[in-house]
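This report is for a reader new to the structure. It goes through selected parts one at a time.

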Amino acid sequence: MNNPLLTDDLLPKFGHIRTEHMETAIDQILSENRMKIQALAGQENPTWETLAQPMQALEDKLSNAWSVISHLNGVMNNDDLRKFYKNCLEKLTEYSTEVSQNAALCEAYKKLAGRDDFQTLSEAQRKSIDNILRDFRLGGVDLPEDKKKRYAELSRELAELSNKFSDNVLDATQHWFKHITDVDELSGLPETAIEGAKQAARQKELDGYVITLDFPSFYPVMTYGDNRSLRREVYEAFVTRASDQGPDAATWDNTPVMAEILKRRHALAQLLGFGNYAERSLATKMARSVDEVMEFLNQLAAKSKPQAEREFAELKAFVKDEYGQEDLQAWDVGYYSEKLRQKRYDISPETLRPWFPVDKVVPGLFRVAEKLFGVQIEAHPEVETWHDDAQAYCISRHGEPIAWFYLDLYARQGKRGGAWMADCRVRWRDLRGKLQLPVAFLTCNFTPPVDGKPSLLTHDEVTTLFHEFGHGLHHMLTQVEVMDVSGINGVAWDAVELPSQFLENWCWNPESLALIASHHDTGEPLPEDLLQKLLAAKNFQSGMAMVRQLEFSLFDFRLHAEFSEQAPTNPLDMHRTVREGIAVVQAPDFNRFPNAFSHIFAGGYAAGYYSYKWAEVLAADAFSLFEENGIFDQETGKAFLHHILEKGGSQEPMALFKAFRGREPEVDALLKQTGITDEAA
Ligand SMILES: [Zn+2]
């Protein structure tokens, strides 16, 4: 059978992939891998060439098929695909647990690491072996048989539960909508949002307008909707998704799912000899201990909260003075903040949209990458993709292709919300010397073009695009040839956001903005007064934004660090406790934020959400060198490329950072960049 998921095409034949190929491909790869692993693990005298290298080839084959399947599950979801995906996921989880507990294979790696000539391997090769041995320990390989079985059981259940959590959130998000026939109810909303609401109604074969919980629909209502009761209704639907509250109460309730996840994570951590899951999480991270993370978060909280309180008091005073309204609810904060921003800076995200058409922003982003890192980027419309919205691009240096990526920019039915970068192919060199180029998926959920007009982005959306492209560059510009530590592979979670947050800085500089902003009708550059306002408004309510992120980080970290079997922490209670300490905005009793917090219950951020802030410090501090030397300074760009992007996971992140910056990172770089001071203004 000709299964397009089993060929070794660098660029998958998306036009030929059918759902029925998926399970067959995974079955075949898993059974072949199992056989080959048995042979590899039985070697007397394993070397890099006879063990590590062939193992990478097996891993590569699997990840090349799986990356495509899980990508399609994320961007072209339907019931059929979801079913196959779920089946594959179960088999894959079983397989990885099996491999990670294969004592013979672990022994073989130990022999390889114990060889006299081990030190003659490259740094990347040695780091890869170190990681493998560490992951064997974390996979429970040293456990006695009964505990091993228990470990496998817990892993399988956790994978199922996470998937369940994520399905519940998706179903709850996609099920709810608000049908509106009177356009007056949408008063205050920008034209693009009203058009979007019309389109959403047409898709549902309804007259008038439809508001959904997808970000491009939900967000404008919360930010611009004059209709307070509509804001409240949409807010309630959004913050009660997958819970026991709100319009779909108890239909997709994640409350029991969360409890089961936490219980199993704790049990799993204890099986491995950790006190709790937070300790387990840190075993693979740049941060060294639970105390270090708590101290880091508390330090940022102490330095930001006074400013957040000042900002919130200003907002309350503004609402009272200008609107005579005393009570400020959670569904009012975004709306009035926007009014205050407009009053103070006379600028709104909507004002800027005309200057950020996708067909200017995307080439501008490429220009920035080209100038900074000496690469060329070219579209390849002839390459087949999964949807008309998606397109392939090639990155080359001196005319030689070095990487490929796909860009899929717009929100649509069946596409998971948010923006992300995922790998499709990893850069590495096989035994025969053949180099596989890296390939990346870059996915966003921007408002689709309406009536032939290009999609016009908010500055926030532009920043999101730069962010994901930063991840993409980390994956694609790597020079490492060892699969496990190539690109973003093997990079500690709390360092992995460094390149992405770093690249966002180029959305905030006049020199680079000149490359990405021009009016979609007239082609004129962003007028000087708007540019000045954009820059002045950058740190508007940055204290409030900081404490909000710290709330999520502390909630996640303490939830896992303080869990105990006797008195399991209830996520809702923990969320309330954390909010009492840090939040400045009151949340209504029906708020069920944890129930849709997919990052930590369905993504990889469990006891790791702090990583965003951790990496922000790294990014701000790295960028400060460009501020000193010039944002397009070639030498500094080259140094960042060389010390950070090209190295991937081949060395410890702290060592790479120090090699680039000449010292350890400093928290104050972030506070300075976001304009947070701990003195009263
Ligand atoms: Zn990111």
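## Basis of the model

The model is predicted, and local features need pLDDT of at least 70, side-chain atom pairs count only at pLDDT 80 or more, and totals for chains, interfaces and linings use all residues. Residues are numbered from 1 along each chain as its sequence is written, and side-chain values use heavy atoms, with hydrogens and water left out.

## The sheet

An open sheet of mixed pairing is formed by five strands, in the order 3-4-5-9-6. Strands (E, at least two residues) and helices (H or I, at least four) are DSSP runs, numbered from the N terminus; two strands pair if DSSP finds at least two bridges between them. The edges are held by strand 3 (376–380) and strand 6 (420–425); each has a single partner strand, so one side of each lacks a neighbour in the sheet. On average, neighbouring strands of this sheet are turned by 25 degrees against each other, direction ignored.

Five bridges join strand 3 to strand 4 (residues 390–397) in the antiparallel sense. Ala379 has Tyr393 in strand 4 as its bridge partner. Helix 2 (residues 48–75) packs on the sheet and touches strand 5 (400–410), strand 6 and strand 9 (439–446). Contact means heavy atoms within 4.5 Å. The direction of helix 2 makes about 145 degrees with that of strand 6; axes are lines fitted to C-alpha atoms, for helices over the stretch in contact, and angles run from 0 to 180 degrees between N-to-C directions.

His467 is buried, at 11% relative accessible area, and Glu497 is buried at 4%. Buried means under 20% relative accessible area, exposed over 50%, partly exposed in between (1.4 Å probe, protein chains only).

## Helix 10

Helix 10 (residues 255–271) has 17 residues and spans 25 Å from first to last C-alpha, close to the expected 24 Å. The expected span is 1.5 Å times one less than the number of residues. Its buried residues include Val257, Ile261, Arg264, Arg265 and His266. The buried residues of helix 10 pack against helix 6 (145–175), helix 11 (277–282), helix 21, helix 22 (571–582) and helix 23 (598–601). Just after helix 10, Gly273 has a positive phi of about 90 degrees.

## Single residues

Asp451 is not a glycine, yet its phi is positive, near 50 degrees. Asp451 sits in the loop between strand 9 and helix 16 (459–476) and is exposed, at 65% relative accessibility. Gln541, also not a glycine, has a positive phi of about 55 degrees. Gln541 is in the loop between helix 20 (528–536) and helix 21 (542–561), and is buried at 14% relative accessibility.
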